[in-house]
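Here's a quick tour for anyone opening this one for the first time. Take a look, then read on.

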Amino acid sequence: MKKNTENLLKGLLFISPWIVGFSVFQIYPIYKSIYYSFCQYDVLNPPIFVGLKNYSNLFHDEVFLKSIVSTGLYTIMAIPLSMIVSLFFAILLNQKILGRGIFRTIYFLPSLVPMVALAILWKWMFNGENGILNYFLGLFGIPGPNWLGSTMWATPSIVLTGIWGVGGSIVIYLAALQDVPRSLYEAAEIDGAGWFSKVRHITLPMISPVIYFNLILGIIGCLQVFAVPYIMTSGGPARSTYYYTMYLFDNAFSFLKMGYAGAMAVLLFIIILAVTFIVTKMTASKVYYAEK
Amino acid sequence: MLKNNSIKPVSHKKQKIVSSISTHTILIIGAIAFMFPLVWMLSTALKPLAETTKIPPTIMPSKFMWSNYKEATTAIPFWKYAKNTLIVCVLTVIGTLVSSTLVAYGFARIQWKGRDVLFYCVLATMMIPFPVIMAPLFVVFGKLGWIGSLKPLWIPSFGAAAFNIFLMRQFFRTIPTELTEAAKIDGCSELGILIRVILPLSKPILLVVALFQFIASWNDFLGPLVYLTREDTYTLALGLQFFQSQHGGTYWNYLMAASSLIVLPIIIIYFFAQKAFIEGISLTGLKG
């Protein structure tokens, strides 16, 4: 009995940094977000309780509704593209090829580049007048669009910028690919399976838990996208890249509408939980876990 | 029948060569696409201003303007920002290592009631996105008098983040209990065991956590943007953004020179700690 209590105390003492950090820097702010969401609060004056007004205002706020739509569009474009690109190159880089180490380094390096540098660099390359990308397209006789200045191309440009950082996912997939038993491929080859059917029936199912993990993390990341559009477009043109977190940021720090920002924060949390739940349900039958 | 058998391996070999060539072709095209922006950054950084917007563009600068680097680092208080960034990075790494080893030890090596339930709570907190809490955190830091200083960026790291706790706990659990039992019999305290037995065996995971934390802090943009209200406390990521607006985005050569200086330390660290990086990313892929 005494030993149990002693261990409990010891355990709690060791995890006390987490308890303090979690309480002060996570639970308390979440509680405050919820609390502010029912208030009108401009930081300078004490909060005034307004009930559900912030929430009902949000649903009549065109900017808010537009930010949800554009964040959704961004996510729908970014997720499949980055998953296909990272899986495709991971599968290629997993083969026994000449210069494999060099290739892996080249694909991984850009993902280490800070978001800010990445965004500035691509802003420069996407420039409609003298950007290198349009010059390059011009060589093939393709007139390049005014990428970041066009409501149609701004979001795809930001998505493309993100592709440059898939190196981290490639490495995660490579680690997973190395755990797929060789014998499965050999058996499939005897049955006459080609490259594509091996990928489809062996590789993808065997690494499905990692794909699922990347998918969830990817979606959560996309729903919070901030730095790259903030630097590349500042939300423009015509608010086409004014995503959820940017509007939340502006409400809190530019317009000093902490209550409104609080309501957005609460909704973002609910959206993320809901999307995670739905994706988990939808993929449950497709994710294969080997018995351990 | 015999003939058929002798042909098969040949066509198989041929097929292999074709597939190897096409794999290499695709990989080389991809590699050029992945490397090009970095090359373009370095090339622009060394060009005279007029040449940065020249059509057709030149990859090789006509004249190597090494002075661009000097200009870029004096046009903004570059070294001051670098110092701020380094302070944040180092303190964050210390905070992360100290707190997550303690917490992970409490979860991995001590048996206590409610431990596993609480550990699931820790994992669940990974779901809390920063944008959700950034506004109220600003108010908290304001009340603590930290706004306008670097404190909001590094002090929270002493509160142990869920992901690092998870990685370390996984690692600590793989260390055989026989090793710690012996120390316990000799009268060593839990803290003593952690420092004398566990930590020396945990260098790989400590390195991984430190590396990732360093890079995360080095690259962080939103945190500094929210909490650093005074220009003399800016970090590099933030300073670079303001550099861009200050110059109307036209001094591409300086901007690229400054950008490449921010990228450089990370690349150097990568080449020194390549193995730890790859291991770390595999770990973050939840293989452990």
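## Where the two chains meet

Start with the contact between the chains, keeping in mind that this is a predicted model. Together, chain A and chain B bury about 7500 Å² between them, and 82% of that is on carbon and sulfur atoms. Three residues of chain A stand out here: A:Phe14, A:Trp18 and A:Trp124 supply 11% of the area that chain A buries against chain B, more than any other three residues.

How many residues does each chain bring to the contact? Chain A puts in 78 residues, and chain B puts in 89 residues.

## Charged and polar links

On the side of chain A that touches chain B, helix α1 (residues 2–37) gives the most, with 19 residues. Sorted by type, the residues on that side of chain A come out as 61 nonpolar, 12 polar and five charged.

## A closer look at B:Thr235

Now for a single spot in chain B. B:Thr235 sits in the loop between α12 (222–227) and α13 (236–246) of chain B.

Is B:Thr235 buried or exposed? Its relative accessible area is 5%, so B:Thr235 is buried, the cut-off for that being under 20%. Leaving out residues up to four places away in sequence, B:Thr235 touches B:Tyr81, B:Thr85, B:Val88, B:Leu153, B:Pro224 and B:Leu228.

Terms used: Residues numbered from 1 in each chain as written. Chains lettered and ligands numbered in written order. Predicted model: local features only at pLDDT ≥ 70, side-chain atom pairs only at ≥ 80, totals over all residues. Heavy atoms only, no water. Helix = DSSP H or I, 4+ residues; strand = E, 2+ residues; numbered from the N terminus. Buried < 20%, exposed > 50% of the residue type's maximum accessible area, 1.4 Å probe, protein only. Contact = heavy atoms within 4.5 Å. Buried area = accessible area lost by both parts, 1.4 Å probe. Nonpolar A, V, L, I, M, F, W, Y, C, P; charged D, E, K, R; others polar.
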